[in-house]
Amino acid sequence: MLKQHVVVVGAGAFGGWTALSLLRSGARVTLVDAWGPGNSRASSGGETRILRATYKDRIYTDLVARALPLWLENEQRWGIKLFHQTGVLWMADENDALERAAAAHMRDAGLPFEELSAAEAARRYPQINFDGIRWALRETHAGFLLARRACAAVLESFRAEGGTYIQAAAEPGAIERGALKEIKLSDGSALVADQYVFACGPWLGKLFPDVIGERIKPTRQDVFFFGTPAGDARFTEESLGVWLDYGTRAWYGIAGNESRGFKIANDTRGPAFDPTNGDRTPDTSALKAAREYVAFRFPALRDAPLVESRVCQYEQTADSHFIIDRHPRAQNVWLAGGGSGHGFKFGPALGEWISQMVLGRRPVEPTFSFARF
Ligand SMILES: Cc1cc2nc3c(=O)[nH]c(=O)nc-3n(C[C@H](O)[C@H](O)[C@H](O)COP(=O)(O)OP(=O)(O)OC[C@H]3O[C@@H](n4cnc5c(N)ncnc54)[C@H](O)[C@@H]3O)c2cc1C
């Protein structure tokens, strides 16, 4: 039987894993990306992403329970370390609905975690000022992933397993009689396939203005890396790792962070941002806020120097749920994106889901469908 040919546009966390999963499911797959996997404009760019299962909505806890073994399996297959299981420490204040809901989901899903009183947390983490914190939840299964490196590893594996990769900008061609005829590439050529998956992250709204448009809004997010005192063992992956101060505040970070510095960012959605030409110079007021927070919560880092920074963008939907659905007017087109600041960790599990949907082996998940809008 002739293999189905699927073109996937976008080699980030969503598209890369979808392409690999389609290939492993028996399809012929061509993957296209304008600037390469995990490039500096992409939402999957940068060094690290948190893997955690603390969610109010059960669907995400279950997706992490599926994604984690897939990360570990592929890591082993490729012989590279992509997941750092440092544990993830959640500092909960009086707004702890998220941590409470998530504890029940994780218990059900069999994902291990500990609940610590504020006094116990303070004993274990003397480098943190726990003022205002009522209790802490520590996900022991969780940690952080290497982002850019993982996207590159997925592409490398995709090519080694027989996939075709083209570096070009793609544009959907005409839709005729309920199907997309072709996609046009920036080198003037066209690609014709049985099905097409567009996993273009923050660019999806521009590519499909009528169907996606403002449903995915790219927002500017500043990330800072502070230098810790020389030889100080309190801010390593082993002694602290991933932490979140979530509830009234929305700060998170990664200590150690592959020696790049003490990573810190605010999860509050920033202003609208153009992923292609947006100015990625760090924002001084965002830096000031990060410094103030660090001085309060991690007093030993009060005067820590800024050693690096980066500006990324979330591709935000109104309800923070992803969009994974068929194009309403083209039955051979699938749209996948809207990671909304939390999509990376799910890559392998979403890749599996999307490939099954494309191959007609799984229905569209209502939480991620257009029908919800
Ligand atoms: C600062 C920051 C922190 C985050 N923290 C976390 C975290 O801790 N944990 C977590 O799980 N998630 C996190 N996320 C979210 C996560 O990184 C994203 O949801 C995820 O990476 C999105 O992947 P994507 O494949 O949809 O998009 P992208 O990675 O942007 O991939 C889209 C790809 O499409 C390509 N492309 C676009 N248009 C075209 C075109 N016309 N032709 C060809 N190619 C095209 C681009 O070059 C790009 O490579 C964070 C995001 C940011 C920005």
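1. Arg-326 stands opposite Trp-334 of strand S22, and the two strands concerned, S21 (residues 323-327) and S22, pair in the antiparallel sense over five bridges. Here strands (E, at least two residues) and helices (H or I, at least four) are DSSP runs numbered from the N terminus, and two strands are said to pair if DSSP finds at least two bridges between them. S21 and S22 form a hairpin with two residues between them. Before reading further, please note that this is a predicted model, in which local features need pLDDT of at least 70 and side-chain atom pairs count only at pLDDT 80 or more, whereas totals for chains, interfaces and linings use all residues. Residues are numbered from 1 along each chain as its sequence is written.

2. Strand S22 (residues 330-337) also has a parallel partner, strand S15 (residues 195-198), to which three bridges join it; within this pairing, Tyr-196 has Val-333 of S22 as its bridge partner. Six of the eight residues of S22 are buried, so the strand is largely enclosed by the rest of the structure. A residue is taken as buried if 20 or more other C-beta atoms lie within 10 Å of its own, as exposed if 12 or fewer do, and as partly exposed in between, with C-beta atoms placed from the backbone.

3. Two residues deserve a look at their backbone geometry. Ser-340, in the loop between S22 and helix H8 (347-358), has a positive phi of about 50 degrees although it is not a glycine, and with 21 C-beta neighbours inside 10 Å it counts as buried. Asn-257, in the loop between strand S18 (250-254) and strand S19 (262-266), likewise has a positive phi of about 50 degrees without being a glycine, and it counts as buried with 23 C-beta neighbours inside 10 Å.

4. A separate point concerns an open sheet of three strands, ordered S10-S13-S14 with antiparallel pairing. Its edge strands, S10 (170-172) and S14 (190-191), each pair on one side only. Strand S13 (residues 183-185) pairs with S14 over two bridges, and Lys-184 has Ala-190 in S14 as its bridge partner.

5. The domain assignment, whose bounds come from an automatic or database source, gives domain 1 (5-45 + 148-216 + 319-372) and domain 2 (85-141 + 217-314). The contact between them, counted where C-beta atoms placed from the backbone lie within 7 Å, takes nine residues from domain 1 and eight from domain 2. The C-alpha centres of the two domains lie 30 Å apart.

6. Of the 38 residues around the ligand, Gly-10, Gly-12, Gly-201, Gly-339 and Gly-343 come nearest, a residue being near if its C-beta atom, placed from the backbone, lies within 6 Å. Among the elements that each supply at least two shell residues are helix H1 (13-24), strand S2 (28-33) and strand S16 (217-226). The shell divides into 21 nonpolar, 14 polar and three charged residues, where Ala, Val, Leu, Ile, Met, Phe, Trp, Tyr, Cys and Pro count as nonpolar, Asp, Glu, Lys and Arg as charged, and the others, Gly among them, as polar.

7. As to the chain as a whole, there are eight helices and 22 strands, and buried residues make up 45% of the 373 residues. The C-alpha trace spans about 65 × 45 × 40 Å along its principal axes.

Note on methods
Contact = placed C-beta atoms within 7 Å.
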